[in-house]
Structure formats: structure tokens, C-alpha cells
Amino acid sequence: MRPDMRVFFALQPDPTLRQALSSIAQRLHAECGGRRMRDDSLHLTLAFIGDVSEAQAEHLIALCQGLDCPAGEWPLDRVGYFPRGGVAWLGSQATPQPLDTLHTRLWHALAGEGFTPPDQPFVPHVTLLRRARPPHSEAIPGPGLTWRYNRVTLVHSVPDGAGRRYDTLAHSPAV
Ligand code: 2AM
């Protein structure tokens, strides 16, 4: 039997946005140190599921492929910091209602499959650095960005050397 698979639902940046996120990560790294995320793994987590069996993963693939993800925009206009893990991240001053609704609807669908929503409030963020020092301010080192999205991705987090790589298992239908 295959071991459990660690999976999560995410938004993934297009190549142009990924490049812009990478530039900001580089500048923030110069200020805060720590360990940069690999450029190809930058993402916004909508729902972290954790370890599931292959059968559960098949259910989640079907759920993802049936998800309705209206196109939306997420302004990236602030830097944030989680002291636990020294996580420096990019996010927004105020979460747009449609992004919040997407998160709520996704968890509603997941609850229908028996998965338990997290207790903590949704703080949408893109992790750029881990084990970093706190940033000096919330100001982004560079121009602000807008993330335009139109689909959700189910991601398989696979152990890869000292870290993890993120493989795509499914997308919601693009709108
Ligand atoms: P983070 O970026 O804030 O660390 C894959 O691990 C993704 O799921 C990461 O973006 C991570 O968020 C998020 N995540 C949320 N809860 C998690 C948990 N309990 N363990 C690992 N990752 C978690």
C-alpha cells in the first residue's frame, strides 16, 4: 500500500506573478535573512488538508474538478510576519470578500467529505521566507501587486531531498 499523501488546496501564481513574487522575496531576504521558498513552490494556501489515503485523494481530486471558482483579484499590499517559524509573508491589508467566500465555500465542500475546518481565522498569505527576522515594516520592498486568479489547484506536497516539492493533482475548471 502506498503511504499517505500530504495534500492542500491552493491558488498558484502565473509565471509573471511568480517572477514578481520572487523579486520581492529576494529583497525581503536581504532585509530579514532566513530561508527563501523555492520560486516554483510559491502559492496561497486555501485549505491545508494534511495526510490522506490514496482513496481520499481520489475524492479530493473529484471535488477539486467540480469546484466553482469565480475569477477574482487579491491585492498584495503588505508584508506580514508569523513569529512561530519566523515566517515572512506577503498578503493584503483587507481580504477581498470574494476570496473569503471562496475559502468558506471550499471548506463547506470539504466538511461534506468529513474534513474538519481549522479553528484559526483565514489569513491569506504567500510565505516567502522561513526562520527569518521580523521585517522592519509592513511596506512591500517594491511595487504592490495584484493576484488575478480563476482556478483552485489541489497540490500534493512530496518529500524532496531536504525540502518538499509541490505536484499538481487537479485543477478546478478555469472560468
Ligand atoms: P505556511 O505557508 O503558512 O507555512 C503546505 O504545507 C502549505 O499549507 C503551506 O503554505 C502552509 O502554510 C500550509 N499549512 C497550513 N497549515 C499547515 C500545517 N498544519 N502543516 C503544514 N502546512 C500547513
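Tutor: The questions below concern the ligand and then the strands. This is a predicted model, in which local features need pLDDT of at least 70 and side-chain atom pairs pLDDT 80 or more, while totals for chains, interfaces and linings use all residues. Residues are numbered from 1 along each chain as its sequence is written, and side-chain values use heavy atoms, without hydrogens and water.

Student: Which residues are around the ligand?

Tutor: They are Phe8, His43, Thr45, Phe48, His125, Thr127, Arg130 and Tyr166; each has a heavy atom within 4 Å of the ligand.

Student: Which elements give two or more residues to this shell?

Tutor: They are β3 (44-52) and β7 (126-130); strands are DSSP runs of E, at least two residues long, numbered from the N terminus.

Student: Why are β6 and β7 called paired?

Tutor: Two strands pair if DSSP finds at least two bridges between them. Strand β6 (residues 87-91) and β7 have 3 bridges in the antiparallel sense, so they qualify. Leu90 stands opposite Val126 in β7.

Student: What makes β2 and β5 edge strands?

Tutor: The open sheet of 4 strands runs β2-β7-β6-β5, with antiparallel pairing. Strands β2 (35-36) and β5 (78-82) each pair on one side only.
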